[in-house]
Amino acid sequence: MEASPGENTKKLAVILPGIGYTCDRPLLYYGGKLAQGLGWEVVRVPYGGFPEKVRGDAEKMRQSAEMALAQTEEMLRDVDWKRYGQILFISKSVGTVVAAAYAHAHRLSCHHLLFTPVEATFAVPVGNAIAFHGTADPWVATETLTRLCREADIPLYITENANHSLETGDVPLDIRNLQAVMARAEAFMRREE
């Protein structure tokens, strides 16, 4: 059976949250809204059930990534990836690990918005992506992430004094920073259209 004209013009954005950073938090909420506004179909993957006190514990981080990946496999099992001409993963923290691993395992040609990626994200080739990081992020050192992004040829946008949520604690500044992050995210999405 032949594909109908324009069948692969559909665009899919998959949102993969962090351990405590859900799809309704600012980076993922507005990232999803931007994608919708640009004509992307949006699928949110609300996994959970993670162990406590994951940060700094490599074994718990590995378990969390495996749990999130297994739940993602289950939640996305009925997606017909061939229907989409463009696929975008919008991910945060452990979600960046899941996005990279899932796309690699399924051999998807896709793009990634990586919000505060962690080291494990780069265990597989990530491909076409941009990344965002705060210099006060306790999950990964700025120097380490800068090196990993440079080696993977991924542009890295750094927010000074921002934590793992890309927040500084100064609300007006955080709003301005969020606006700058979303402007870069939107420009990336538009390039991928």
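Predicted model: local features only at pLDDT ≥ 70, side-chain atom pairs only at ≥ 80, totals over all residues.
**Aromatic pairs**

Start with the aromatic side chains, where the count comes to seven aromatic pairs. Select Trp 81 and Tyr 102: their rings form a tilted pair, with 5.7 Å from centre to centre and 55° between the planes. Trp 81 sits in the loop between helix H2 (58-75) and strand S3 (84-92), while Tyr 102 belongs to helix H3 (residues 94-105), so the pair ties together parts that are 21 residues apart in sequence. Are these two residues, Trp 81 and Tyr 102, buried or exposed? Both Trp 81 and Tyr 102 are buried.

**A lysine over a ring**

Next, select Tyr 21 and Lys 92. Lys 92 lies over the face of Tyr 21, and the distance from the ring centre is 4.8 Å.

**Helices H1 and H5**

Two packed helices are described by the angle between their axes and the distance between the axes. Show helix H1 (residues 26-37) together with helix H5 (residues 171-191): they pack at an angle of about 35°, and their axes are 10 Å apart. The crossing of H1 past H5 is right-handed.

Which residues meet where H1 and H5 pack? On the H1 side, select Pro 26, Leu 27, Tyr 30, Gly 31, Leu 34 and Ala 35; on the H5 side, select Leu 178, Val 181, Met 182, Glu 186 and Met 189. By type, the residues of this contact between H1 and H5 are nine nonpolar, one polar and one charged.

**Ala 68**

Move to Ala 68, which is found in helix H2. Ala 68 counts as buried because its relative accessibility is 0%. With neighbours within four places in sequence left aside, Ala 68 is in contact with Tyr 47, Phe 50 and Val 98. For a distance check, select Arg 83 as well: Ala 68 and Arg 83 are 15 residues apart in sequence, and 24 Å apart in space from C-alpha to C-alpha.

**Glu 160**

The last stop is Glu 160, in the loop between strand S6 (156-159) and H5. Why does Glu 160 count as exposed? Its relative accessibility is 53%, and exposed means over 50%. Leaving aside neighbours within four places in sequence, the contacts of Glu 160 are with Thr 135 and Thr 168. Finally, select Ala 13 with Glu 160: these residues are 147 residues apart along the chain, and their C-alpha atoms are separated by 28 Å.

Key. Residues numbered from 1 in each chain as written. Heavy atoms only, no water. Phe/Tyr/Trp six-rings, centres within 6.5 Å; stacked < 30°, edge-to-face > 60°. Helix = DSSP H or I, 4+ residues; strand = E, 2+ residues; numbered from the N terminus. Buried < 20%, exposed > 50% of the residue type's maximum accessible area, 1.4 Å probe, protein only. Lys NZ or Arg CZ within 6 Å of the ring centre and 35° of its normal. Axes fitted to C-alpha atoms, helices over the stretch in contact; angles between N-to-C directions. Left-handed = near helix turned anticlockwise from the far one by under 90°. Contact = heavy atoms within 4.5 Å. Nonpolar A, V, L, I, M, F, W, Y, C, P; charged D, E, K, R; others polar.
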